[in-house]
Amino acid sequence: MSDEEHHFESKADAGASKTYPQQAGTIRKNGYIVIKNRPCKVVEVSTSKTGKHGHAKCHFVAIDIFTSKKLEDIVPSSHNCDVPHVNRTDYQLIDISEDGFVSLLTENGNTKDDLKLPTDDNLLTQIKEGFAEGKDLVVSVMSSMGEEQINALKDIGPKN
């Protein structure tokens with residue numbers, strides 16, 4: 001046995017991977033998929049039969065979970081696709097600043113101040129009106145692939 005010490009240089013980050021592989025044929029409607037480096041929710045899947053060269057193909061129609069843009073991809077069903085890790089967390093809204101950032105209360109009592117108001121006009125007006133009326137609002141924050149965005153709102157009653 002060798003008494004030498006081995007030193008390995010790694011430039012990988014310690015965080016978990018942003019995506020995981022999944023066989024294209026097993027991804028279903030309402031699942032998630034990465035198309036053009038964007039996390040998307042699958043709205044339609046169609047599978048073609050095996051052709052002359054032997055691969056059935058899956059045609060995915062999906063909507064970007066942050067920008068709501070429609071994206072499409074065709075992948076052989078036996079190949080792996082990247083599937084994003086998508087997390088949804090609820091936070092209580094504390095404050096809205098003039099520059100469009102929100103102040104949110106986390107479960108452990110800390111504040112989260114790095115999120116902007118959503119770009120969706122309907123959701124934006126609901127949040128602003130509810131906050132102006134002094135309601136207790138809980139926002140759902142969707143996070144995936146290093147991005148976060150407010151995507152839903154719950155009213156838990158008036159402030160006491």
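Buried means under 20% relative accessible area and exposed means over 50%, with partly exposed in between (1.4 Å probe, protein chains only). Helices (H or I, at least four residues) and strands (E, at least two) are DSSP runs, numbered from the N terminus. The model shown is predicted, and for that reason local features need pLDDT of at least 70 and side-chain atom pairs count only at pLDDT 80 or more, while totals for chains, interfaces and linings use all residues. Residues are numbered from 1 along each chain as its sequence is written, and side-chain values use heavy atoms, with hydrogens and water left out.

View 1. Leu123, Leu124, Ile127 and Gly130 are the buried residues here. Seen down the helix axis, these buried residues fall within an arc of 145 degrees, so they line one face of helix 1; the arc is that of the directions from the helix axis to the C-beta atoms. On the face turned away from the buried side, helix 1 carries the exposed residues Asp121, Asn122, Glu129 and Ala132. Just after the helix comes Gly134, with a positive phi of about 80 degrees.

View 2. Across the whole structure, a search finds six salt bridges, where a salt bridge is a side-chain nitrogen of Lys or Arg within 4 Å of a carboxyl oxygen of Asp or Glu. Side chains of opposite charge can pair when their charged atoms come close.

View 3. Asp90 and Lys154 form a salt bridge through their side chains, at 2.6 Å from N to O. Asp90 lies in strand 7 (residues 86–96) and Lys154 in strand 11, so this pair ties together parts that are 64 residues apart in sequence. Asp90 is partly exposed, with a relative accessible area of 31%, and Lys154, at 41%, counts as partly exposed too. Another salt bridge joins the side chains of Glu133 and Lys135 at 3.3 Å, N to O; Glu133 is exposed at 56% relative accessibility, whereas Lys135 is partly exposed at 30%. Salt bridges that share partners also join Arg38, Asp64 and Glu147 into one network.

View 4. Lys112 has its place in strand 9 (residues 111–116) and counts as buried, at 14% relative accessibility. Its side chain makes polar contacts with the side chain of Asp114 at 3.3 Å and with that of Glu148 at 3.0 Å. A polar contact is a pair of N or O atoms within 3.5 Å; within protein, one must be able to donate a hydrogen and the other to accept it, and residues adjacent in sequence count only if both atoms are side-chain atoms. Contact itself means heavy atoms within 4.5 Å. Leaving out residues up to four places away in sequence, Lys112 touches Tyr91, Val102, Ser103, Leu104, Thr106 and Glu148. Ser103, in strand 8 (residues 101–105), is buried at 15% relative accessibility, and its contacts beyond four places in sequence include Gln92, Leu93, Ile94 and Lys112.

**View 5. Positive phi in two loops.** Most residues other than glycine have a negative phi, and most peptide bonds are trans. Asn37 has a positive phi near 60 degrees; this residue sits in the loop between strand 2 (32–35) and strand 3 and is exposed, at 64% relative accessibility. Met145 likewise has a positive phi, near 50 degrees, and is found in the loop between strand 10 (135–144) and strand 11.

**View 6. Confidence along the chain.** The pLDDT, which is the predictor's confidence in each residue from 0 to 100, averages 84 over the protein chain, and 88% of the residues score at least 70. Over residues 10–15 the pLDDT is below 50, and this stretch has zero contacts in the model beyond near neighbours in sequence. Where pLDDT is low, the predicted coordinates should not be read in detail.
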